[in-house]
Amino acid sequence: MFLAIAQRLGQMLFVMLGISITVFLIFFATPGADPSARIAGRNASPEVLEAVRKSFGFDQPFYVQYLIMMKKIFISGDLTSFVNRGWKVVPAILDAIPVTLSLVIGAAVLWVIFAIIIGTVAAATRGSWLDKALMIMGLIGISMPVYWLGEVMNLITQSRFKDTWMFSWVPPLGYKNFSDSPKAWFLTLIIPWITLAILYIGLYARVLRANLIEAMQEDYVRTARAKGLSETRILLRHALRTSLISFITLFGLDFGALVGGAALLTEVVFDLHGVGKLTYEALLTLDLPVIMATVLYASIFVVLANALVDVIYIFLDPRVRTV
């Protein structure tokens with residue numbers, strides 16, 4: 001088992017190396033991608049362009065530029081923005097990480113709990129009116145874009161019904177640090193949590209229901225029935241465990257992507273200055289160091305999430321330990 005875990009971790013390091021090289025080549029080595037022209041501004045003279053290239057090291061071979069960039073991002077942390085001169089990128093990302101983590105972890109707790117409950121109940125009542133109603137609700141949740149649902153939630157809680165007893169407790173848009181006020185932190189994030197979780201509750205519930213129904217037809221379930229076990233115990237103790245493998249696969253991919261910046265729309269709608277919004281603002285100005293650093297940051301979380309999923313597989317399914 002420990003050998004399997006070590007192999008996964010070793011593969012993760014090679015993947016990260018490949019991603020960092022690919023991202024660097026896309027931003028700095030593709031034809032027409034001249035960062036010095038971006039820094040020097042429009043209509044810069046050849047002399048100015050040459051001075052900028054020497055100042056930022058763009059006249060060095062690509063492998064030297066790559067090593068310098070990786071050093072600035074992962075070791076010294078002194079990578080600066082091309083647009084806002086002197087503004088350090090790495091500290092800005094580190095400041096944004098807690099915001100994104102707070103948003104995604106809270107939403108993940110909601111969607112995992114409710115998806116397991118809804119998916120299990122729907123599978124247990126397969127074909128009934130309750131099953132159909134739950135699946136229709138899930139389909140509605142999947143069909144609502146986050147940016148639209150977020151704007152509707154803001155319209156209700158920040159404008160139309162702000163002064164009513166139901167939503168008078170909702171604070172203005174923004175983020176409050178947990179260390180400053182845990183209560184304010186919770187209140188500012190509860191609406192974004194619900195907004196982000198609704199999409200995934202419907203998706204995960206439908207996936208879990210399908211997996212549970214399939215698992216209930218397996219041989220080991222028939223064996224459990226032959227032993228006299230109750231349907232509830234078979235569903236919760238046997239079928240649910242194997243059905244969670246696909247569930248965890250989806251969760252690892254989605255959680256890593258969201259923490260890496262895929263929660264961009266939610267952060268923009270609710271004015272949360274997380275990694276997604278930082279990336280969005282950098283894209284508006286084509287600030288290459290910020291974009292590259294956030295892409296690398298996102299890839300780290302995606303790779304880590306997938307490595308964690310592989311480790312969880314090892315504990316859930318003994319057959320994986322020999323692979």
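In this report, helices are DSSP runs of at least four residues, numbered from the N terminus. The model described here is predicted.

**Overall architecture**

The protein chain contains 13 helices and zero strands. Its pattern, read along the sequence, is accordingly written α-α-α-α-α-α-α-α-α-α-α-α-α. The C-alpha trace spans about 85 × 60 × 35 Å along its principal axes. The protein chain has 323 residues, of which 42% count as buried. When contacts between residues at least 6 apart in sequence are considered, 68% of them join residues at least 24 apart.

**Helix H4**

Helix H4 covers residues 62–74, and its 13 residues should span 18 Å at 1.5 Å a residue; the end C-alpha atoms are 18 Å apart, which agrees with that expectation. The buried residues in H4 are Gln65, Tyr66, Met69, Met70 and Ile73. These residues lie on the same side of H4, because they cover an arc of only 130° around the axis. In general, an α-helix has 3.6 residues a turn, so residues three or four places apart point the same way.

**Helix H5 and its two partners**

Helix H5 (residues 89–124) is described here with helix H6 (residues 129–143) and with helix H8 (residues 182–215).

| Pair | Axes come within | Crossing angle | Handedness |
|---|---|---|---|
| H5 and H6 | 8 Å | roughly 145° | left-handed |
| H5 and H8 | 5 Å | roughly 35° | right-handed |

At the crossing of H5 with H6, the residues Ile118, Val121 and Ala122 of H5 meet Leu130, Asp131, Leu134 and Met135 of H6. Sorted by class, this contact of H5 with H6 has six nonpolar, no polar and one charged residues.

The axes of H5 and H8 come within 5 Å, and H5 passes H8 in a right-handed crossing. By class, the contact of H5 with H8 has 24 nonpolar, four polar and one charged residues.

**Individual residues**

Apart from its neighbours within four places in sequence, Asn154 is in contact with Ser159, Leu173, Val269 and Phe270.

Asp271 is found in the loop between helix H11 (264–269) and helix H12 (275–285). Although Asp271 is not a glycine, it has a positive phi of about 55°. With a relative accessibility of 29%, Asp271 counts as partly exposed, since that class lies between the buried limit of 20% and the exposed limit of 50%.

Leu9 lies in helix H1, which covers residues 2–28. Its relative accessible area is 41%, so Leu9 is partly exposed. Leu9 and Ala293 are 284 residues apart along the chain, and their C-alpha atoms are separated by 22 Å.

**Summary**

The predicted model is a protein chain of 13 helices and zero strands. In H4, the buried residues include Tyr66 and Met69. H5 makes a left-handed crossing with H6 and a right-handed one with H8.

Notes:
Residues are numbered from 1 along each chain as its sequence is written. This is a predicted model: local features need pLDDT of at least 70, side-chain atom pairs count only at pLDDT 80 or more; totals for chains, interfaces and linings use all residues. Side-chain values use heavy atoms; hydrogens and water are left out. Helices (H or I, at least four residues) and strands (E, at least two) are DSSP runs, numbered from the N terminus. The expected span of a helix is 1.5 Å times one less than its number of residues. Buried means under 20% relative accessible area, exposed over 50%, partly exposed in between (1.4 Å probe, protein chains only). The arc is that of the directions from the helix axis to the C-beta atoms. Axes are lines fitted to C-alpha atoms, for helices over the stretch in contact, and angles run from 0 to 180 degrees between N-to-C directions. A crossing is left-handed if the near helix is turned anticlockwise from the far one by less than a right angle, and right-handed if clockwise. Contact means heavy atoms within 4.5 Å. Ala, Val, Leu, Ile, Met, Phe, Trp, Tyr, Cys and Pro count as nonpolar, Asp, Glu, Lys and Arg as charged, and the others, Gly among them, as polar.
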